[in-house]
Number of protein chains: 2
Amino acid sequence: MIQEHNKNIEKLIEMVKGVSTCMLITNEKNDGNLSGRPMSISKIDNDGMMWFFTKASSYKVDEIEENKKVSIAITNESSNNYLMINGLAKLVKDKTKMKELWSSILKAWFPLGLDDPDMILIKVTPSEVNYWDGSSSKMVVLFHILKAIVTGKEFEEGKEGKINL
Amino acid sequence: MIQEHNKNIEKLIEMVKGVSTCMLITNEKNDGNLSGRPMSISKIDNDGMMWFFTKASSYKVDEIEENKKVSIAITNESSNNYLMINGLAKLVKDKTKMKELWSSILKAWFPLGLDDPDMILIKVTPSEVNYWDGSSSKMVVLFHILKAIVTGKEFEEGKEGKINL
């Protein structure tokens, strides 16, 4: 069981590592709709936790304070990787962690750097992960599609799986 | 007002047309979680309606029958286009429409073609659209990011907008 769990986490990390931007989906506070915005994934830990930098004053932080259920959608056409992750978000104001995760590219959003008082981390603990891994390249999938058309047999859409964490 | 509406629809169509795969997000029937899966967008109409082919027997169809609120997430890193669309889904079993939307690539999922009795269309009427359009190429955005780092000024993240339909 532990081995299976570790293998699942490894698969998740492998798939997320090639992705720089995902859609972080939260729940609107009033109308029960979803709200989403593209976010850079700063890091995925060895235990599958995902980290994001954001502004403490942003609306998504209010939303997470009210409802910590979030989802992460990834539709990376170029790598042909597709992930839908459900999880729980936690707001983390930890200078040591921020320092560990900091990258100079973040200065574009936080010109004051690590001294920005409006900086906060979002940590997402995945609870359910669905992925569609169309093999390592788009070409391979295209070949499968074409083969299915030729043979009249149904296309097996990559290796689809649900990772239980 | 009508002109503004038409301009918004045009912008939506322009952004969606370059995308072949999105994450179609529905509501799980039991646990209040979200479920998502990559889906090919068959067409976006001139009035912004989005069409998908699917199997009538699939679980997502059950979900839509119970709750027609859906979302469409697009995170297209290569074109640097990011969209979050909320809308209402309708299941449509209309042979004429299927014929109009049919493309031979769909044979990979429907080997029987238009005669497949398990074929159904999902039509999504967008109600709220958020987009992040990082200009026409990734390079331009990278330049903005670098410029912000150099000047210490905050990065203006592309042209962000909410399209009200």
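Hi everyone, let me start at a turn: in the hairpin of S5(B) and S6(B), four residues lie between the strands, and B:Asn80 there takes a positive phi near 60°. Keep in mind that this is a predicted model.

Now to the strands on either side of that turn. S5(B) and strand S6, residues 81-92 of chain B, run antiparallel and are joined by eight bridges. If you want one pair to click on, take B:Ser71, whose bridge partner in S6(B) is B:Asn86.

S5(B) has another neighbour too. Strand S1, residues 21-27 of chain B, also runs antiparallel to S5(B), with three bridges joining them. Here you can look at B:Leu24, which has B:Ile72 in S5(B) as its bridge partner.

So why is S5(B) largely enclosed by the rest of the structure? Buried here means under 20% relative accessible area, and seven of the eight residues of S5(B), residues 69-76, are buried, so the strand is largely enclosed.

A few words on confidence before you load this into anything. For the complex, the predictor gives an ipTM of 0.82 and a pTM of 0.84. Chain A has an average pLDDT of 82, and 78% of the residues score at least 70. Within chain A, confidence is highest in helix H3, residues 95-101, at a mean of 97, and lowest in helix H4, residues 138-151, at 43. Over residues 135-149 of chain A the pLDDT is below 50, and this stretch has 23 contacts in the model beyond near neighbours in sequence.

Note on methods
Residues are numbered from 1 along each chain as its sequence is written. Chains are lettered from A and ligands numbered from 1 in the order in which they are written. This is a predicted model: local features need pLDDT of at least 70, side-chain atom pairs count only at pLDDT 80 or more; totals for chains, interfaces and linings use all residues. Side-chain values use heavy atoms; hydrogens and water are left out. Buried means under 20% relative accessible area, exposed over 50%, partly exposed in between (1.4 Å probe, protein chains only). Helices (H or I, at least four residues) and strands (E, at least two) are DSSP runs, numbered from the N terminus. Two strands pair if DSSP finds at least two bridges between them. pLDDT is the predictor's confidence in each residue, from 0 to 100. Contact means heavy atoms within 4.5 Å.
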